[in-house]
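Welcome, and please take a look at the model below. We will go from the overall fold to the aromatic rings.

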Amino acid sequence: MDNKVLAILKKLEQYQIYKADLLALVTDTSYEITFFGYFDNKYEQSNALAEQGVISFDALETFYADVAKLVRSLPKYDAGKLNILKVDEGEVSFRKKNRMSDTFKIVRRWESSLGV
């Protein structure tokens, strides 16, 4: 699993985005994905990078869809749960929570752990 996840993050390097930390919240019907990565020695959030023109919004959406597809293909994936994939400083983790989990709290906790 780790190699597949890290390989997808490596695709960001074509946009000069390096050392990306990622959070993906995925169910059968939806996903919320974001990342922070280094561009020009600044640690930036994925949507901010798109707004700056570093990566196009179309390319970003394709990247998000590819991540969701990867998560759904993992053996640990559970269609009845909220599947949470995280990459922090190259360390990949995966867990599942009840679908009713507060996604806002999960995102805030993750961002806080990154110091952003």
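## Overall size

The radius of gyration is taken over C-alpha atoms, and the globule rule is 2.2 Å times the number of residues to the power 0.38. For 116 residues, that rule puts a compact globule near 13 Å, and the protein agrees, as its own value is 13 Å. Along the principal axes, the C-alpha atoms fill a box of roughly 40 × 25 × 25 Å.

A word on what you are seeing: this is a predicted model, in which local features need pLDDT of at least 70 and side-chain atom pairs count only at pLDDT 80 or more, while totals for chains, interfaces and linings use all residues. Residues are numbered from 1 along each chain as its sequence is written, and side-chain values use heavy atoms, leaving out hydrogens and water.

## Fold and contacts

Four helices and five strands make up the secondary structure (DSSP runs numbered from the N terminus: H or I of at least four residues for helices, E of at least two for strands). Read from the N terminus, their order is α-β-β-β-α-α-β-β-α.

Taking a contact as heavy atoms within 4.5 Å, look at those between residues at least 6 apart in sequence: 52% of them join residues at least 24 apart.

## Surface and charge

Of the 116 residues, 41% count as buried, meaning under 20% relative accessible area with a 1.4 Å probe and protein chains only (exposed is over 50%, partly exposed in between). The protein exposes about 6700 Å², with 48% supplied by carbon and sulfur atoms; the areas come from the Shrake-Rupley method with a 1.4 Å probe.

There are 17 positive and 17 negative charges, and their mean positions lie 7 Å apart. Here Lys and Arg are positive, Asp and Glu negative, with His and the chain ends not counted; each charge is placed at NZ of Lys, CZ of Arg, CG of Asp or CD of Glu.

## Aromatic pairs

How many aromatic pairs does a search of the whole structure find? The search finds five, where rings of Phe, Tyr and Trp (its six-membered ring) pair if their centres lie within 6.5 Å, with planes under 30 degrees apart called stacked, over 60 edge-to-face and the rest tilted. One of them is the tilted pair of F36 and W110, at 5.7 Å centre to centre and 50 degrees between the planes. F36 sits in strand β2 (residues 31-39) and W110 in helix α4 (residues 103-114), so this pair ties together parts 74 residues apart in sequence. F36 is buried at 8% relative accessible area, and W110 is buried at 1%.

Another tilted pair joins F63 and Y64, with 6.4 Å between centres and 55 degrees between planes; both residues are buried. Ring pairs also link F36, Y38, Y43 and W110 into a cluster.
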